[in-house]
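Colleague: I would like to learn how to read the ligand site and the nonpolar cores of a model such as this one. Could we take them in turn?

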Amino acid sequence: MQTRNPPDKHLNLNVRGMGASATVAINERSNELRAQGRRIFKLGLGQSPFPVPARVVRALQDHAHEKDYLPVTGLGALKEAIAGYTRRITGVQRERADVLVGPGSKELMFLLQLVYYGDLVVPTPAWVSYAPQARIIGRAVRLIPSSADNGWRVTPEGFERICAEDVGRPRVVILNYPSNPTGGTYKLEELRALARVAQKHRVVLLSDEIYGEVHHKGQHVSIARFYPEGTIISNGLSKWCGAGGWRLGYFVFPPSLRWLLDAMAAAASETYTSTSAPIQHAAVTAFEPHADIEHYLVQSRRILRALGRWVWRRMSKAGISVHEPAGAFYLFPDFEAHRESLARRGVRTAPELCERLLEETGVAMLPGTVFGRPSEELTARLAYVDFDGTAALAAADSEPEGRLDEPFLRAHCGDVLEAIERACAWARG
Ligand code: PLP
């Protein structure tokens, strides 16, 4: 069957020339190559390797019959559970009325930018979708520079410089830690200093804490503690609960921003109506305190910590510059030290690096460009998630407490280790 490309002129200017999100695209390309019989190491898509905890799956089974539309801001019991969870893990006093539930935090971020008239300020490197969302809506994007030297973290000075440019200008600032793409996080005093800048300029601060529970030592601290009146906490089930495909996210607002919650709810009511009913009922369980869920988290963190550190060490030994991860399941290596050897093989940009790496070794990563880095910088993001999380969790249970060793990683995360060894050998040429 012949398909006709629609004429460009019928597309909204803001979306002309846009392709699918880079993370989705790398996943599709990896699947294509796998279907052709190639051995592919999927370090491209950032999806949790772990299963949804059994208790939460059972709750979904128990609620499969729930068929009614739910309130646009979310199921009351779920909002209550999320408010309690927020108080428990952040120490910030929030109530059920402060919560907005949505079909993934990504959708809520889009709605926030849609209803709030202001610039989007994000660090670089930053998660792939913040800036494209702003572009679709027609908002200006400002990047807060950061550098490898300080672990790609936003500094209060860099943040202040952007805010001081046009004092009083409305802005949504997104801070994400533990970070996708770097795996880094902030120290307490750094959070305090950033909060002081946000407070001074009264920005709307969206704290994207989707990886908060996968801080490798379980020590995540929300910046909302230091700027409670202006911070919206963003979180969901996707990363810590292994349930990306369930599509459940939420924002927790300070009472002073209730008008923003209401505006987003109005826009939601005219678009997706409400989030899937069975999923919301099941999510109540996920946000309640349960010993088995805590155990699941402890073991997930233990595996990610051991694996992340192994990858960091191995790449560093191969001369690839990369920071020790603190959370999430990403690293952001810079292949600069191998520039000459790569250039001899015609590799001069980050997209070329990732393309050739995939073609020649089967290892999929995403180029730094999709996280807002310049093309000539040889950075890439890797997600160390290509292993069977169910089997690894079960195996970790029979290991004595403490650090998991290399034989454990070889046995249960062997493909990730092999992928990294291939990438290191390839970089050296
Ligand atoms: N924020 C970050 C930093 C992410 O990496 C992701 C997903 O990859 C999201 C937000 C969106 O998560 P979800 O829409 O599944 O809640």
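Modeller: A polar contact is a pair of N or O atoms within 3.5 Å. With that cut-off in mind, and remembering that this is a predicted model, one can look at arginine 247, where an N or O atom of the side chain is 2.7 Å from an oxygen atom of the ligand.

Colleague: How far from an oxygen atom of the ligand is a polar side-chain atom of tyrosine 211, and what is the distance for the side chain of serine 105?

Modeller: For tyrosine 211 the distance from a polar side-chain atom to a ligand oxygen is 2.7 Å, and for serine 105 an N or O atom of the side chain is likewise 2.7 Å from an oxygen of the ligand. Of the ligand's 390 Å² of accessible area on its own, the protein covers 93%.

Colleague: Which helix gives the largest share of the shell around the ligand?

Modeller: That is helix H4 (residues 105-115), which supplies three residues, while the shell as a whole has 14 residues, with Ser105, Asp208, Tyr211, Ser238 and Arg247 coming nearest.

Colleague: And how should I read the largest nonpolar core: how many residues has it, and which have the most contacts inside it?

Modeller: A nonpolar core joins buried residues through side-chain atoms within 4.5 Å; the largest here has 85 residues, and Leu237, Phe287, Ile303, Val311 and Met315 have the most contacts inside it. Its largest share, eleven residues, comes from helix H10 (residues 291-317), and at least three residues come from each of domain 1 (8-51 + 292-428) and domain 2 (68-288). Apart from this core lies another of 37 residues, including Tyr116 and Leu358.

Terms used:
Residues numbered from 1 in each chain as written. Predicted model: local features only at pLDDT ≥ 70, side-chain atom pairs only at ≥ 80, totals over all residues. Heavy atoms only, no water. Buried < 20%, exposed > 50% of the residue type's maximum accessible area, 1.4 Å probe, protein only. Helix = DSSP H or I, 4+ residues; strand = E, 2+ residues; numbered from the N terminus. Domains from an automatic or database assignment. Near = heavy atom within 4 Å. Polar contact = N/O pair within 3.5 Å; in protein donor to acceptor, adjacent residues only side chain to side chain. Areas by Shrake-Rupley, 256 points an atom, 1.4 Å probe, with all protein chains shown as cover.
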